[in-house]
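Colleague: I have a model open and would like to go through it with you. Can we take it piece by piece?

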Number of protein chains: 2
Amino acid sequence: MASLDPRTDPVDLTAALVDIESVSGHEAVIADAVEAGLREHAPHLEVVRHGDAVLARTSLGRPSRVVLAGHLDTVPVNRNLPATWTGSGADAVLHGLGTVDMKGGDAVFLHLAATLRAPRHDVTFVFYDCEEVEAERNGLGRIERELPGWLRGDLAIVGEPSNAVIEAGCQGTMRVELRRTGARAHTARAWMGDNAIHGLAEPLRRLTAYEPRVVEIDGLTYREGLQAVRVTGGVSGNVVPDEAVLSVNHRFAPDRTPEQAEAHLREVFDGFDLSVVDCSPAAQPGLGAPAAAELVRAAGGRVAAKLGWTDVARFAALGMPAVNFGPGDPTLAHTREEHVRVAEITRVAEVLRSFLGGTS
Amino acid sequence: MASLDPRTDPVDLTAALVDIESVSGHEAVIADAVEAGLREHAPHLEVVRHGDAVLARTSLGRPSRVVLAGHLDTVPVNRNLPATWTGSGADAVLHGLGTVDMKGGDAVFLHLAATLRAPRHDVTFVFYDCEEVEAERNGLGRIERELPGWLRGDLAIVGEPSNAVIEAGCQGTMRVELRRTGARAHTARAWMGDNAIHGLAEPLRRLTAYEPRVVEIDGLTYREGLQAVRVTGGVSGNVVPDEAVLSVNHRFAPDRTPEQAEAHLREVFDGFDLSVVDCSPAAQPGLGAPAAAELVRAAGGRVAAKLGWTDVARFAALGMPAVNFGPGDPTLAHTREEHVRVAEITRVAEVLRSFLGGTS
């Protein structure tokens, strides 16, 4: 079994987490390591294993509770493991899958879990599985259904990459399938059939011509998106295919509900058979909440808009103030070239230690 | 094991062959049945099993030899097994996968193999595998490489469906892959990436706008075609995909060589990364050969152009006169509604019995 000492410096701990491959659906090894590390080195915490999620919390009777949440999974490996280093000192950079999304945030939380013995807020740590896949498999959703008490608190901080700057709100995400049917025929007599793949030419044309909105909310700028993420079709090498499916992912700003986003997509793809296969709502920035404002001040006052969907939206739906705050440049997430400046990992750890108080 | 009596009437024998499922790559059961049927009921023939092909021949010292060839495989099942019947008498129709392409032809050849004990030509029967997939897996190609003597003769008759009319020549077939590469990114920040699936919009537009040629050769009319047969692309539901592949099948008339057909496709898809993955040349009609002309006369003189590619082209490449002649409407091949008028099965059997001479 991979072994982790959560008391290790968050930078080295990030590299150790990156080197435990954990593509969505295959998080057992990393969850085992996180659980064992906490049980051995953080005896002051109540630790619970839930599927491939690991939960831990203090129960010090503090008047407020902060939830720190990070997903353990990554998108598929793309020739970017194990972790590698460049630079040194303040300019050191860690490269590899998950360095940005989001093992840097996980490492900071894991380190704080082991080393903050007397925080000024009670703290709940949630390390979970399957964030990078369809919403119904999301580990945080499973915890919400089965162990809802573990997610309650006065503020949630999701450690998704945010350049070590507080990010507020998040865009919604919706995945739809456009299904084109046709009629099979031998390709030598194609006029007898109706080619379903040819039928995707028009929806693809609309996608390439699409101009996404740029939306301002509470002074923050959200950029929407509409992208094909999968295409399939074909029967055999000499058959006119009778079915083709195009999957499209839409990212929408917090001024739209999922229902409004769906209506928009039905308008864009008018005339085509469209079905929604996955949706997660957007979250408003929510900067009015006192606890969020306190954290913003501790972080130096800078705030940006969150473009990617994160589980901030789940906490927002529970009525809790929730923000993103984690090391790493989110524009590098899901690229082969993912890398993080170690100074950002250290910065996030310092801000949270200052905000949460208490020493080891 | 499925059992066959090749002496059975060709119509009932067609139904029996249809009911032995034999999608390309899974012909072992039908080949076992054909081999066992010939070994038991056609002791006058030399029988050889070669992979999932079955070869049989007379060696009567006749001055000429006719090769009768039929493939045993079918395209994938499409809710069209087992065989069913409609109508009766001269109007009876047999429905199901392979009734047209080409178990009717196989049944006629198998019946003649068992019942023609003293043909006026020596006869070679070739029942083979994997005709409906890429050329490199074709069983006739394997026999040509490993047992070339078995394919030699003065005339080849390929029993592909031809409405019980002699069909001359055949179109060539070429499959190419258009590969579009891009750059991955998180779909929430799609402007950081380059969507490879979106990049297929333009080749699909060209496909839908393409006007295939209609070509006259020796008074026969060939209709070309250009059809997408497979499309794939996608990494995961929230990743801008960095690769998408479109497979396209081109059918070309006998006035073009494979090299000319490839040059044409490179012109059509100019600007895209194109590679040829499979090609089989066209065959000229070849009606000048005496043996072919004799068969044409036996069949009543009617001749049509063959649009689909058939293994006639392989025999043509060996320098042999070769034609298509089999029961069934080729426009129904590879459709779910495949069906054959039993009168055509009987007609083909009668013409070939008259041409080959000899009685049981």
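Colleague: What should I know before we start?

Modeller: This is a predicted model, in which local features need pLDDT of at least 70 and side-chain atom pairs count only at pLDDT 80 or more, while totals for chains, interfaces and linings use all residues. Residues are numbered from 1 along each chain as its sequence is written, chains are lettered from A and ligands numbered from 1 in the order in which they are written, and side-chain values use heavy atoms, with hydrogens and water left out.

Colleague: What does β13(B) pair with?

Modeller: Strand β13 (residues 225-234) of chain A pairs with β13(B) in the antiparallel sense, over 5 bridges. Two strands pair if DSSP finds at least two bridges between them. In this pairing A:V231 stands opposite B:G233.

Colleague: How many salt bridges cross the interface of chain B and chain A?

Modeller: The rule finds 0 there. A salt bridge is a side-chain nitrogen of Lys or Arg within 4 Å of a carboxyl oxygen of Asp or Glu. Across the interface of chain B and chain A there are, however, 21 residue pairs in polar contact, both at pLDDT 80 or more. That term means a pair of N or O atoms within 3.5 Å; within protein, one must be able to donate a hydrogen and the other to accept it, and residues adjacent in sequence count only if both atoms are side-chain atoms.

Colleague: What is the salt bridge count over all chains?

Modeller: It comes to 41. One of them joins A:R179 and A:E243, with the closest N and O atoms 3.2 Å apart. A:R179 is in strand β9 (residues 172-181) of chain A and A:E243 in strand β15 (residues 243-252) of chain A, so the pair ties together parts 64 residues apart in sequence.

Colleague: How exposed is A:R179?

Modeller: A:R179 is partly exposed, at a relative accessible area of 32%, and A:E243 is also partly exposed, at 36%. Buried means under 20% relative accessible area, exposed over 50%, and partly exposed in between (1.4 Å probe, protein chains only).

Colleague: What does B:R57 form a salt bridge with?

Modeller: With B:E46, where the closest N and O atoms are 2.9 Å apart. B:R57 lies in strand β2 (residues 53-57) and B:E46 in strand β1 (residues 46-50) of chain B, so this pair ties together parts 11 residues apart in sequence.

Colleague: Changing topic: where is the cis peptide bond in chain A?

Modeller: From A:D101 to A:M102, with omega near -5°. A:M102 lies in the loop between β5 (93-95) and α3 (103-115) of chain A. In chain B, the bond from B:D101 to B:M102 is cis, with omega near 0°.

Colleague: Last one: is A:I143 buried or exposed?

Modeller: Buried, with a relative accessible area of 0%. A:I143 is in helix α4 (residues 139-146) of chain A. Leaving aside neighbours within four places in sequence, its contacts include A:L55, A:V126 and A:W150. The C-alpha atoms of A:I143 and A:L55 are separated by 9.5 Å, and the two residues are 88 residues apart along the chain.

Notes: Helix = DSSP H or I, 4+ residues; strand = E, 2+ residues; numbered from the N terminus. Contact = heavy atoms within 4.5 Å.
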